[in-house]
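Keep the picture open while you read, and try to find each piece as it comes up.

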Amino acid sequence: MIAVGDKAPDFSLPDHLGRTVTLAQFAGRRHVMLLFYPLDWTPT
Amino acid sequence: MPAVEALLPRFRAAHTQVLGVSVDSVHCHANWGKDLGGISFPLLADFNPKGALAQSLGLYLEKAGITDRATVIIDSGGIVRHASSVTPSGQRDIGALAALCEEIDKASTGPCEDFAPPPGVPEGATLYIKSRCGFSRATMLAMDNLHIAGKVPVRNVTEDPSAMETLRRIAGKETAPCLIVGETPMHESKDIIRRLVDATAPL
């Protein structure tokens, strides 16, 4: 697992509303919380 | 995810953009979001190549072909401030994560932008859809996910001849889905969804 203090790699992925979302678009604007989960229709 | 949706105001106040990630496709995400009563933060499809983002963070479970149930918080400078796993069968404490984001935001010295209130759905908008049409369905799913189903009138031109007549008169053709605001038609489902997203849940 990536470690605290590491630089996060950029990514570019489509979302459920058809947007392309990148990490770079939040740089200097917002923190980002990534919630990974095994599959849709599983708990939070 | 509904627990996250409920606490979005706290994450937003802490200048934190929440992003859900799994190996499911965008279509799967959209349908799941609807089942949950709407998800107005992005669910990312780490679908093609499968699990690429999870792999880059060491969170992909190769044998099972799924990602771990893990949380990574990255500050506005791009540095990882938190990384943890509750294992695939575990459950996250979203309240504790909100508190953690508030702490990280407080300690952060980098620039941060407030979440501006969205402009809202355009006045006098009506959505025209067709039955058995994937593009119409995608638009309706987006409306559900953005919590605006019922706020924008929807007319089905397959079932309602008068709706078809109005669509033909204003848009000059029978193509649906079509979002009409005032007398101005917008046709492509991608453009319509983008318009609705910008109005209600911009990033």
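Start where the two chains meet: the contact takes 38 residues from chain A and 68 residues from chain B. Keep in mind that this is a predicted model.

On chain A's side, β1 (12-14) and β3 (31-36) each supply at least two of the residues that touch chain B. The largest share, six residues, comes from β3(A).

| Class, side of chain A touching chain B | Residues |
|---|---|
| Nonpolar | 24 residues |
| Polar | seven residues |

Which strand of chain B does β3(A) join? The partner is β1 of chain B, residues 16-22. The two strands run parallel, and six bridges join them. One bridge to look for pairs Leu34(A) with Leu19(B).

Those two leucines turn up again in the largest nonpolar core, which has 36 residues. Both are among the residues with the most contacts inside that core, and so are Met33(A), Leu35(A), Phe36(A), Val21(B) and Cys101(B). The core draws on both chains: β3 of chain A supplies at least two residues, and so does each of β1, β2 (43-45), α4 (52-56), β5 (70-74) and α5 (94-107) of chain B.

Skipping its neighbours within four places in sequence, Val21(B) is in contact with Leu34(A), Leu35(A) and Phe36(A) from chain A. Its contacts within chain B include Leu44(B), Leu53(B) and Thr67(B). There's also a second, separate core of 22 residues, and Ala125(B), Ile129(B), Leu146(B) and Ile192(B) are among them.

Time to zoom out to the whole of chain B. This chain has eight helices and 10 strands, and its C-alpha atoms fill a box of roughly 55 × 40 × 25 Å along the principal axes. Of its 203 residues, 37% count as buried. Take the contacts between residues at least 6 apart in sequence: 57% of these join residues at least 24 apart.

Chain B is divided into domain 1 (2-107) and domain 2 (125-200). Their C-alpha centres lie 31 Å apart. Where the two domains touch, seven residues come from domain 1 and six residues from domain 2. On the domain 1 side, that's two nonpolar, four polar and one charged.

Technical notes: Residues are numbered from 1 along each chain as its sequence is written. Chains are lettered from A and ligands numbered from 1 in the order in which they are written. This is a predicted model: local features need pLDDT of at least 70, side-chain atom pairs count only at pLDDT 80 or more; totals for chains, interfaces and linings use all residues. Helices (H or I, at least four residues) and strands (E, at least two) are DSSP runs, numbered from the N terminus. Ala, Val, Leu, Ile, Met, Phe, Trp, Tyr, Cys and Pro count as nonpolar, Asp, Glu, Lys and Arg as charged, and the others, Gly among them, as polar. Two strands pair if DSSP finds at least two bridges between them. A nonpolar core is a set of buried Ala, Val, Leu, Ile, Met, Phe, Trp, Tyr and Cys residues joined through C-beta atoms within 7 Å. A residue is buried if 20 or more other C-beta atoms lie within 10 Å of its own, exposed if 12 or fewer, and partly exposed in between; C-beta atoms are placed from the backbone. Domain bounds come from an automatic or database domain assignment.
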